Amino acid sequence: MFDNYVFTEGSARNIVTETGESAFQAETLITYYRGIPLSMVHDLQLVVDGVEAPRDELAISPGGDEWFTLDEATTVTSYRWEYGTPLAVRWLGTHLSPGDHEVTMRLRIRVAYIPIPFGGERTRTVTI
Amino acid sequence: MSGIRTSVSLYSLQDSYARGRVDLATALAFVADTGATGVELISDQMIVGTPYPTDETVAAWRTALDASGLAPVCNDIFINSTLYANRVLRPREQLELLKRDLDVSARLGFDLVRLVSDTSAEVTLAALPYAEGLGVTMALEVHAGMSFDSPGTAGWIAMMRAAQSERLGLVVDTGIFCHRHPRVSTQYFLGLGLTPAVATRIDELFAEHGDTMRLFSRDGQMVFPDDLTALFRRPVDGEYAFFSTGYENTPLTVLDEYAPYIRHVHGKFFEMAGGKEYSIDYRAVVEALHGIGYTGYISSEYEGNRFVPVDGAVDDQGQVRAHQRLLSQLVAEVE
């Protein structure tokens with residue numbers, strides 16, 4: 001029901017990180033209606049042309065100043081992902097070749113009163 | 001004319017806010033422009049840094065609130081009991097989070113908070129002295145799917161009755177008064193591949209039994225009738241059947257019993273069409289509330305935003321205006 005917010009259109013691009021590493025980056029809004037501590041991001045998956053990014057090669061950041069791997073994020077309780085703020089997602093060490101690519105983003109978060117993690121998914125054709 | 005007042009929950013404007021059509025100040029100005037005299041906030045949604053917003057953030061909220069002329073009616077708070085993936089927070093941990101949300105609510109000018117439906121009686125009772133010290137009332141949301149009869153809600157109400165504190169009460173969500181399944185939900189699920197015959201059968205069952213919650217609920221489990229499951233073709237059919245129980249049709253007479261405890265009302269709505277709400281008879285709701293002497297607020301709470309097809313436009317502002325028009329008309333007319 002929050003699929004509208006997954007994988008912001010026009011956000012996907014190749015970048016070079018602050019440490020000089022190449023990465024593929026895209027953005028998403030939260031699949032919910034309020035901000036949450038980052039630890040409540042339950043899972044995030046990125047699939048490019050049928051290949052799923054290994055979990056430990058993904059890093060996330062709301063605001064872009066501090067970055068966390070998904071495993072690191074599980075303990076990040078004092079850093080909030082604010083509602084309406086894009087979450088940047090990076091597949092570290094990857095650069096997409098020029099041309100069209102099919103990219104799927106899946107996001108699940110945990111919320112206080114729903115027994116199972118939930119979220120949304122969106123596939124877009126991305127032109128590099 | 002009743003003494004009932006109207007407000008808008010900023011929940012209703014979540015899409016406008018997330019996509020930058022409004023910021024906090026313009027959202028408040030919009031609410032005032034609808035004719036509402038109060039506003040309901042979700043501090044986790046629009047107050048950056050909650051539950052520890054900076055003094056500057058709080059001052060900006062108060063400045064915008066003052067400029068709007070709206071009364072701060074209610075702040076919706078949650079306890080992030082699922083903060084960690086591997087365990088649920090223990091009651092003492094939950095208590096600390098609840099206290100922080102009470103703190104931020106008081107700083108923002110609210111003397112009433114809505115506790116989300118699954119807030120435990122134990123944690124609420126433990127927080128009561130703290131809430132009393134702050135002068136903040138904690139009211140449990142009575143929400144469709146978890147209405148008065150559900151064990152968690154019933155347990156919380158038993159605690160409330162025993163505690164006898166002015167700082168405890170209830171927020172009734174009018175989604176418990178649905179006389180039919182919301183059409184926008186059906187259309188949304190049809191777009192996801194819902195089998196049309198399942199949608200039709202759910203509507204029939206709703207009409208035959210009042211709602212599907214009472215028909216499907218068996219000892220806390222959801223059990224679907226065979227003539228319904230025979231129509232299932234895809235997983236979404238079962239999901240739709242399950243979600244259909246989230247639109248209860250509780251008799252309005254239930255308000256009589258709980259009148260002394262009702263601190264606030266969520267005016268849940270899914271689709272305004274032709275000046276009316278498709279699933280909820282608001283004239284009957286306002287008359288019933290007037291009948292029990294209710295003079296608090298009804299907050300427009302637009303739920304249809306989540307049933308807009310992917311990439312479809314969300315007319316949350318138009319829907320809220322239409323709902324406020326209906327409420328103000330009914331409040332003026334009711335005798």
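In chain B, strand β3 (residues 71–77) runs parallel to β4(B), and three bridges join the two. Strands count as paired when DSSP finds at least two bridges between them, and helices (H or I, at least four residues) and strands (E, at least two) are DSSP runs numbered from the N terminus. Asp76(B) has Arg114(B) of β4(B) as its bridge partner. This is a predicted model, in which local features need pLDDT of at least 70, side-chain atom pairs count only at pLDDT 80 or more, and totals for chains, interfaces and linings use all residues.

Strand β5 (residues 137–142) of chain B also pairs with β4(B) in the parallel sense, over four bridges. Here Leu112(B) stands opposite Thr137(B). From β4(B), the chain passes through helix α6 (residues 121–134) to β5(B) in a right-handed β-α-β crossover; right-handed means that, with the strands pointing away from the viewer, the path from the first strand over the helix to the second runs clockwise.

## Which faces of β4 are covered?

Both faces of β4(B) (residues 112–115) are covered. Leu112(B) and Arg114(B) are buried on one side, Val113(B) and Leu115(B) on the other. Buried means under 20% relative accessible area, exposed over 50% and partly exposed in between, with a 1.4 Å probe and protein chains only.

## Confidence and numbering

The model scores ipTM 0.93 and pTM 0.95. Chain B has a mean pLDDT of 96, with 100% of its residues at 70 or more; pLDDT is the predictor's confidence in each residue, from 0 to 100.

Residues are numbered from 1 along each chain as its sequence is written, chains are lettered from A and ligands numbered from 1 in the order written, and side-chain values use heavy atoms, leaving out hydrogens and water.
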